[in-house]
Amino acid sequence: MAARETGDDKNGPLAKPGIYLGRMVIFLILVGFLAFILFKQITPAFLANPGLNGLILGVLLIAVLIAFGQVIRLFRESAYVNAVANGAQVKQPPALLTPMAPMIAARVDGAILPGTTGYLDTIAVRLDEGREILRYIAGILILLGLLGTFWGLIDTLSAVGGVIKGMRGGGDAGVMFDELKSGLAVPLSGIGLAFSASLFGLASSLITGFLELQAGQAHARFHNELQDWLMSGATAPEATTAAAAVAVRPAAGTQELKEAVDRLTALVAEGGGSRAATQAMTNLAEGIQGLVQHMRAEQQMIRDWVEAQASRERELKQVLDRLGRERV
């Protein structure tokens, strides 16, 4: 029965992603502590445009939930592999590993089913697809910040133009300055709108990027440990069969050749007649010919097996390419 071979989990070959979940929680605690310290400075910036800034924070909350979901799902996958490796009976495998259930069961029995590498690549693609939404949200947060920036700048420029256009010429300079100062109060609020949205957008994108990084590392570790466990200490059934056939058939040909050589040696030692020696030489030639035929058959068997493996690899590559095109 398979025992623990890799990973930090004492109950199986795959380690649970608790370390990455802990990093994410600690990072969010630090962000919350920093926001608490800068609460007085952040509040006016948020109130400059509570609608847009609230939308940015709402999108950030969705990204946080998705990132935690991408890591938490690995607990079920790891627990399933560890349970099967330890001989437990699991009725329903998790969704991600459902196609690989026969491969995992075969690995416990010490074998590798054909196509295991292709399924591992497919799982890597699925894990990467789960993180694509986080990358998209990070870009959305930056765009929302830029949207607030341009929105505030447009309001500022429009208000400044209105103030300048409404000023009366030919009056007292002090009165004109007072009018200009009071008129620029509204445009300056637009500057606050612009920079507050950029602040919240960039900060939220930074948080989302870190969470996506931790989720990616958790996925990569899960995939690598699963691949190492499936590929280590097991042999493919087809390769085993071919190797056994190659080992048995030369043994038979070698045994025939050995018997013919022993008979010829015995006749020479006993000083037998030429007829017996000729017969022994004939038997030796037949043994050599049989061995050559065995070797040719073995070479043909190996070539057939290699061609079959290459054909499977080509078919798998076509399937993966088609899945990639459909995903695009």
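**The core and its helix contacts**

Tutor: Among contacts between residues at least 6 apart in sequence, 79% join residues at least 24 apart in the protein chain. Keep that in mind for what follows. The model is predicted. The protein chain has nine helices and zero strands. From the N terminus on, its elements run α-α-α-α-α-α-α-α-α. Of its 328 residues, 33% count as buried. The accessible surface comes to about 19200 Å², and carbon and sulfur atoms account for 66% of that area.

Now the core. In soluble globular proteins, nonpolar side chains tend to be buried together. Here the largest nonpolar core holds 44 residues. Which of them touch the most other members? They are Val81, Leu97, Ile104, Phe222, Leu226 and Trp229. The elements giving two or more residues to this core are α1 (18-37), α3 (50-85), α4 (101-108), α5 (116-166) and α7 (185-231). Helix α3 provides the largest share, 14 residues.

Start with Phe222, one of the residues that touch the most other core members. Leave aside residues up to four places away in sequence. Phe222 then touches Leu14, Leu74, Glu77, Ser78, Leu96, Leu97 and Leu127.

Move to Leu21, in helix α1. Is Leu21 buried or exposed? Its relative accessible area is 19%, and the cut-off for buried is under 20%, so Leu21 is buried. Not counting residues up to four places away in sequence, Leu21 touches Phe68, Val71, Ile72 and Phe75. Take Val71 from that list. Leu21 and Val71 are 50 residues apart in sequence, yet their C-alpha atoms are 6.8 Å apart in space.

Next, Val64, found in helix α3. Val64 counts as buried, at 15% relative accessibility. Its contacts include Leu28 and Leu211, again not counting residues up to four places away in sequence.

The structure holds two aromatic pairs. Phe27 and Phe210 form a stacked pair, 4.1 Å centre to centre, with 25 degrees between the planes. Why does this pair tie together parts that are 183 residues apart in sequence? Phe27 lies in helix α1 and Phe210 in helix α7, so the pair ties those parts together. Phe210 is partly exposed, with a relative accessible area of 25%.

The other pair is Phe46 and Phe200. Their ring centres are 5.9 Å apart and their planes stand at 70 degrees, so this pair is edge-to-face. Phe46 lies in helix α2 (residues 39-47) and Phe200 in helix α7, so parts 154 residues apart in sequence are tied together. What about burial? Phe46 counts as partly exposed, at 24% relative accessibility. Phe200 is buried, with a relative accessible area of 10%.

To put the parts together: helix α7 gives two or more residues to the core. Helix α7 also holds Phe210, paired with Phe27 of helix α1, and Phe200, paired with Phe46 of helix α2. Helix α3 gives the core its largest share and holds Val64, which touches Leu28 and Leu211.

How values were computed: Residues numbered from 1 in each chain as written. Predicted model: local features only at pLDDT ≥ 70, side-chain atom pairs only at ≥ 80, totals over all residues. Heavy atoms only, no water. Core = buried A, V, L, I, M, F, W, Y, C linked by side-chain atoms within 4.5 Å. Buried < 20%, exposed > 50% of the residue type's maximum accessible area, 1.4 Å probe, protein only. Helix = DSSP H or I, 4+ residues; strand = E, 2+ residues; numbered from the N terminus. Contact = heavy atoms within 4.5 Å. Phe/Tyr/Trp six-rings, centres within 6.5 Å; stacked < 30°, edge-to-face > 60°. Areas by Shrake-Rupley, 256 points an atom, 1.4 Å probe, with all protein chains shown as cover.
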